[in-house]
Amino acid sequence: MTPAARHRRFRPRWLPEDWRGWVLAFVLVLGIGTTFGLVQTVVDANAARDGAIERRSHSFEVVILARSLGENLAQAEAALGRFVISGDRQLGVRFARDWAQAGRQIGLLDRMVRDNVLQRARVTALRRAYAARGRELSVIAAGAADDRPDPAITAFYDARDSLALRRIDDLLGQTIAAERLLLDARSIELDATIARSNRLAGGLLLLGVALTAIGLFFGWHLVQAIAERRAAADEADAERARAAELEAAVDAATASLRAEQVERAAAEAQLNQAQKMEAIGQLTGGIAHDFNNMLAVVLGGIELARRHVPDDPAVRRHLDHAAEGGQRAAALTRQLLAFARAEPVAPEAIDPPALIEGMTPLLDRTLGDAIRIEVAGDARGWSVWADRHQLENAILNLAVNARDAMEERGTLTIAARAMTLAAGQIGGCAAGDYVAFCITDTGHGMTPEVQARVFEPFFTTKPVGRGTGLGLSQVFGTVRRFGGEIGIESAPGRGTTVTLYLPRHHHTAEAVAAVPEDAPSEAPTTGRDILVVEDDPRVLRSVVAALGELGHRPVSCDDPAKAADALIAMPSVDLVLSDVLMPGVTGPEMVSGLRRHRPDLRVLYMTGFAGDLDEDALGRDPVIRKPFTLAVLGDAVSAAAGG
């Protein structure tokens with residue numbers, strides 16, 4: 001007897017022949033309805049949990065901000081104390097910067113607690129106490145700046161017991177304590193929400209398993225009935241379906257394999273290009289090191305010649321031209337070191353128009369004669385605080401990208417503009433004054449899809465071999481490092497404008513006044529006994545001659561391994577002037593050995609390229625960069641030997 005016959009024999013007459021299908025449909029409808037209800041319940045629970053997490057995270061942020069505010073206030077007062085005692089104006093600038101940062105943090109704290117009436121009242125009182133304390137400290141800072149240290153020191157010590165200071169500490173403590181109470185309550189709320197979500201998820205899982213089991217049971221019966229009626233047709237359909245699935249799987253596997261091969265080839269090309277650029281950077285650093293040594297000899301010889309040649313205008317003019325060429329070569333070497341990333345980050349106050357004007361010759365040589373460069377802007381008198389070489393490298397990267405976009409023919413406009421931005425007007429920029437470096441080209445422009453990915457590392461639209469995709473990501477990192485933002489305006493066929501927004505640096509004339517490299521240096525009243533350690537014999541002779549010209553008594557040593565013997569042979573020594581990188585033993589390693597026997601030994605390092613040497617190895621000893629002038633050498637020796 002066939003299964004279909006048995007099914008008809010034992011089925012009651014009142015039961016429809018396709019009863020399994022009706023039962024399965026009923027179970028499916030019930031399961032779908034129940035699932036939707038439970039899913040909605042879980043969604044609501046998850047939303048409540050996310051809200052609790054967000055509120056708890058907000059409390060964490062308030063506590064962290066309040067603690068950071070307290071630390072900034074303490075750092076500012078510590079800087080003021082050192083400024084009052086030492087009279088170092090840089091400490092005064094640091095005090096003003098830290099105190100202003102604390103004020104901005106109070107404003108941020110006020111915005112973060114605006115939904116809490118009690119906390120907002122505390123922040124309002126904190127702002128008043130901060131203003132009162134600021135007035136007290138401003139009077140002390142003004143006294144220290146007017147060269148009245150004794151009254152300023154007395155006022156500073158009296159201000160340590162200020163009512164405003166105690167009020168600030170109390171309000172910060174109350175704010176943190178209140179937020180911690182909120183944090184505890186929100187943590188309890190979050191735990192309860194998570195527990196409720198887990199219970200609902202468990203119930204949903206159990207119900208889903210039950211409905212699945214029921215559906216599978218009746219579905220199996222339904223499939224058996226259909227298989228009894230249409231076994232042959234179903235088998236044929238299944239074979240055709242399996243054949244189609246197999247074909248689709250083969251096609252998908254083939255396409256996936258091809259895509260993986262293409263991606264692997266692109267990744268290998270990017271890796272090869274990155275390794276090539278790293279090797280070029282290392283080679284560039286080594287070449288720059290040799291150039292700095294040669295330039296030290298050349299510029300030192302020119303300065304010594306200036307002091308001994310007759311007062312002939314023609315000879316003086318030729319020497320000045322030679323010195324100017326040497327200085328330009330030194331500037332080019334610094335740019336090579338910046339490209340190789342061998343220069344440490346050394347932020348300084350930079351005049352934007354002067355920076356662009358100084359880069360124009362380099363841009364002319366780099367971009368070629370077919371690119372016309374126009375300079376514009378209205379930022380005269382404004383300055384930014386950044387590393388000069390990194391900022392120059394960022395602008396150079398953008399200029400090279402613009403050249404490629406214009407297919408090496410067009411107009412490149414570089415402008416430095418003064419702007420005042422509102423909070424959030426450009427990315428995450430805070431409200432204030434900014435200098436905008438605008439680099440505009442007349443190239444083919446970018447689509448919105450390309451603009452969205454342009455700062456991703458290794459993303460590039462250039463052909464293989466013409467870029468690593470790291471240029472704009474490096475520019476992005478440089479701008480963000482100095483508190484700025486970057487923006488792009490572009491459209492296909494309309495060119496591109498990339499704008500670097502850097503905060504305006506407010507400074508006094510003393511803070512940014514540059515000391516001319518060729519300024520005359522006053523000779524010391526008595527010469528100093530100096531041990532000069534340098535492996536390059538030409539540089540060694542040049543430095544020894546320069547020190548002798550300055551009135552010192554130098555002793556040369558061409559091998560760091562012989563420095564200890566040379567030091568013992570000297571009746572007295574005021575200073576050790578040493579190169580940093582030397583074969584066999586580095587300068588810091590040599591000095592470390594000498595100081596085991598002479599812990600009070602004064603050291604001045606000279607270097608043209610620090611390479612991979614950890615700058616912490618130099619300790620607190622001063623460093624002078626090659627090439628240097630007689631004036632710079634004399635001042636550095638006086639400062640290092642005089643302590």
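Modeller: Start with a term: rings of Phe, Tyr and Trp, with the six-membered ring used for Trp, pair if their centres lie within 6.5 Å. Keep in mind that this is a predicted model.

Colleague: Fine. How many aromatic pairs does a search of the whole structure find?

Modeller: The search finds two aromatic pairs. In one, the ring centres of Phe95 and Trp99 are 6.2 Å apart and the planes are at 35 degrees, so that pair is tilted.

Colleague: Where do Phe95 and Trp99 lie?

Modeller: Both lie in helix α3, residues 89-112, and they are four residues apart, about one turn of the helix.

Colleague: Are they buried or exposed?

Modeller: Phe95 is buried at 7% relative accessible area, and Trp99 is buried at 10%.

Colleague: And the rings of Trp99 and Tyr130, why is that pair called stacked?

Modeller: Their centres are 4.8 Å apart and their planes at 15 degrees, so the pair counts as stacked; the cut-off for stacked is under 30 degrees. Tyr130 sits in helix α4, residues 117-145, so this pair ties together parts that are 31 residues apart in sequence. Tyr130 is buried as well, with 14% relative accessibility. Ring pairs link Phe95, Trp99 and Tyr130 into a cluster.

Colleague: Which charged residue lies over the face of tryptophan 382?

Modeller: Arginine 504 does, at 4.1 Å from the ring centre.

Colleague: Change of topic. What is in the largest nonpolar core?

Modeller: That core has 38 residues, and Leu391, Leu412, Phe437 and Leu500 touch the most other members. Several elements supply at least two residues each, among them α9 (352-367), β4 (410-421) and β7 (496-503). Helix α10 gives the most, with seven residues.

Colleague: What does Leu500 touch?

Modeller: Leaving out residues up to four places away in sequence, its contacts include Leu398, Val435, Phe437, Val475 and Ile486. There is also a second, separate core of 35 residues, including Ala79, Val84, Ala102 and Ala125.

Colleague: How many disulfides?

Modeller: The count is zero. As for cysteines, Cys429 is buried at 5% relative accessibility and Cys438 is buried at 12%.

Colleague: And the chain as a whole, how many helices and strands?

Modeller: The protein chain has 17 helices and twelve strands. Of its 643 residues, 37% count as buried. The accessible surface is about 36,100 Å², with 57% of that belonging to carbon and sulfur atoms. Among contacts with a separation of 6 or more, 73% are between residues 24 or more positions apart.

How values were computed:
Residues numbered from 1 in each chain as written. Predicted model: local features only at pLDDT ≥ 70, side-chain atom pairs only at ≥ 80, totals over all residues. Heavy atoms only, no water. Disulfide = S-S within 2.5 Å. Buried < 20%, exposed > 50% of the residue type's maximum accessible area, 1.4 Å probe, protein only. Contact = heavy atoms within 4.5 Å. Areas by Shrake-Rupley, 256 points an atom, 1.4 Å probe, with all protein chains shown as cover. Core = buried A, V, L, I, M, F, W, Y, C linked by side-chain atoms within 4.5 Å. Phe/Tyr/Trp six-rings, centres within 6.5 Å; stacked < 30°, edge-to-face > 60°. Lys NZ or Arg CZ within 6 Å of the ring centre and 35° of its normal.
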